[in-house]
Amino acid sequence: MNVEITGARIFLRLPFGILITETQVNMWIIMLVIALLCKWLTHNLKIKPAGKRQVVAEYLVTMANNFVVTNMGKSFKSFAPFIGALFTLSLLCSLSGLFGLYPPTADLNTTLGFATVTFVLIMYYKLKTNGLKGYLKGLAEPIPVLAPFNIIGEFSTPISMAIRMFGNISTGVVISTLVYAALAWLSSVVLQWLPGALASIPILQLGLPAILSIYFDLFSSVLQSFIFCMLTVLYIAQEAKSE
Amino acid sequence: MPETLEFLSVNIWSVLMAIGNLLILFLIVKKFLFKPVNDILEKRAEEVDHIYSDAEQMRSEAKANKNIYEEKLKNVKTETDLMIKAATERAENRSEEIIKEATLEAENRKRKAEADILLAKKKAVDDIKDNIVEMVIDLAQQVVEKEINEDVHENLIDDAIEKLGERV
């Protein structure tokens with residue numbers, strides 16, 4: 001019995017080492033779904049709410065606005081669409097595993113990309129608040145010898161964020177793959193007395209994977225997306241406020 | 001077996017693509033969800049503000065009107081009081097006048113009646129006088145059984161009656 005755990009399937013190899021993989025394609029599908037959903041939610045908006053659709057749209061936007069304003073302050077309200085996009089994209093990417101797609105967030109490249117955007121934003125606000133000189137001086141504190149550790153610390157933030165999300169989502173993929181394989185093996189062992197093709201039906205695969213999926217796909221996806229957004233928001237707010 | 005990535009692999013283009021996807025989705029979400037909804041929320045807030053300020057304005061207007069009307073009502077009351085007072089006064093004057101006139105008229109009539117009575121009395125007296133004269137003359141004729149010259153004796157009798165009349 002061979003169980004192989006691999007990354008995303010490669011569909012196309014373009015020049016310069018550009019790869020079009022399941023990750024990219026699934027992400028585009030999800031982006032399209034989100035775009036259509038936005039379009040559908042917001043068409044024909046009225047000042048007096050005219051239906052549940054508008055209530056849902058307003059609820060989502062208000063929630064994102066409130067989340068950003070509570071955690072970052074009023075001056076960061078323009079961040080709400082970014083945080084909203086980050087949350088929906090990472091959430092739907094993780095949840096896409098439920099529909100049998102390869103979750104793009106189970107690909108380290110994706111989470112590294114998200115974390116890089118957060119990192120750039122954090123750096124931007126750090127430099128804006130302290131100035132380049134102040135920032136460089138800050139790296140040499142409390143004593144210049146610690147500067148390398150401070151630099152590592154700077155990069156550890158996005159890397160830990162990327163690996164946290166990647167780890168949690170890909171763990172779901174790995175564990176469900178392993179559980180499926182194990183249950184298939186168990187079925188074939190337990191049911192080998194059945195005649196003919198009946199023995200090859202992995203009947204034990206019913207049930208347990210669904211329960212595991214509730215944790216690894218649903219709960220973990222929501223939690224990780226929330227943590228990612230929360231950390232992004234808090235790091236940026238912290239850098240923007242620190243004098 | 002289709003070609004797959006290693007479970008853990010880093011490809012700089014894939015990272016860049018993820019960044020690009022995130023930024024594109026940010027623009028999509030901003031343009032198609034946040035902008036219209038925020039616009040509509042803002043418009044609604046504006047409208048609510050408008051409604052509130054309108055209501056406030058109407059309330060103050062109503063209050064002002066109420067004061068004006070109350071003032072007017074008060075004025076009306078004093079005016080009616082004045083009018084009633086004037087009317088009563090006028091009516092009183094008029095009634096007094098009427099009574100005075102009536103009294104005057106009554107007096108006039110009384111006076112006239114008295115005059116009439118006097119006249120009637122006088123006339124009655126005169127009539128009686130004449131009758132008596134005739135009667136006396138008749139009587140005298142019968143008594144003396146001869147014609148009396150009326151012209152001769154009339155004055156005599158008249159004097160007598162006059163004296164009689166004065167006594168009456």
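This briefing covers a helix pair in chain A, the make-up of chain B, and the contact between the two chains. The model is predicted. In chain A, helices α2 and α3 cross at roughly 110°. Between the chains, 40 residues of chain A are in contact with 35 residues of chain B.

**The α2–α3 pair in chain A**

- Two packed helices are described by the angle between their axes and the distance between the axes.
- Helix α2 of chain A spans residues 52–72, and helix α3 of chain A spans residues 80–95.
- Their axes come within 9 Å and cross at roughly 110°.
- Angles of 65 to 115 degrees count as roughly perpendicular, so α2(A) is roughly perpendicular to α3(A).
- The crossing of α2(A) past α3(A) is right-handed.
- On the α2(A) side, the meeting residues are Ala64(A), Asn65(A), Phe67(A) and Val68(A).
- On the α3(A) side, they are Ala80(A), Ile83(A) and Gly84(A).
- By class, this contact of α2(A) with α3(A) has five nonpolar residues, two polar ones and no charged ones.

**Chain B**

- Chain B has two helices and zero strands.
- Chain B has 168 residues, and 8% of them count as buried.

**Where the chains touch**

- The contact joins 40 residues of chain A to 35 residues of chain B.
- On chain A, β2 (19–21), α1 (22–42), α2, α3 and α4 (108–139) each supply at least two residues to the side that touches chain B.
- The most comes from α1(A), with 10 residues.
- By class, that side of chain A has 25 nonpolar, 12 polar and three charged residues.

Methods. Residues are numbered from 1 along each chain as its sequence is written. Chains are lettered from A and ligands numbered from 1 in the order in which they are written. This is a predicted model: local features need pLDDT of at least 70, side-chain atom pairs count only at pLDDT 80 or more; totals for chains, interfaces and linings use all residues. Axes are lines fitted to C-alpha atoms, for helices over the stretch in contact, and angles run from 0 to 180 degrees between N-to-C directions. Helices (H or I, at least four residues) and strands (E, at least two) are DSSP runs, numbered from the N terminus. Angles under 35 degrees count as roughly parallel, over 145 as roughly antiparallel, 65 to 115 as roughly perpendicular and the rest as oblique. A crossing is left-handed if the near helix is turned anticlockwise from the far one by less than a right angle, and right-handed if clockwise. Two residues are in contact if their C-beta atoms, placed from the backbone, lie within 7 Å. Ala, Val, Leu, Ile, Met, Phe, Trp, Tyr, Cys and Pro count as nonpolar, Asp, Glu, Lys and Arg as charged, and the others, Gly among them, as polar. A residue is buried if 20 or more other C-beta atoms lie within 10 Å of its own, exposed if 12 or fewer, and partly exposed in between; C-beta atoms are placed from the backbone.
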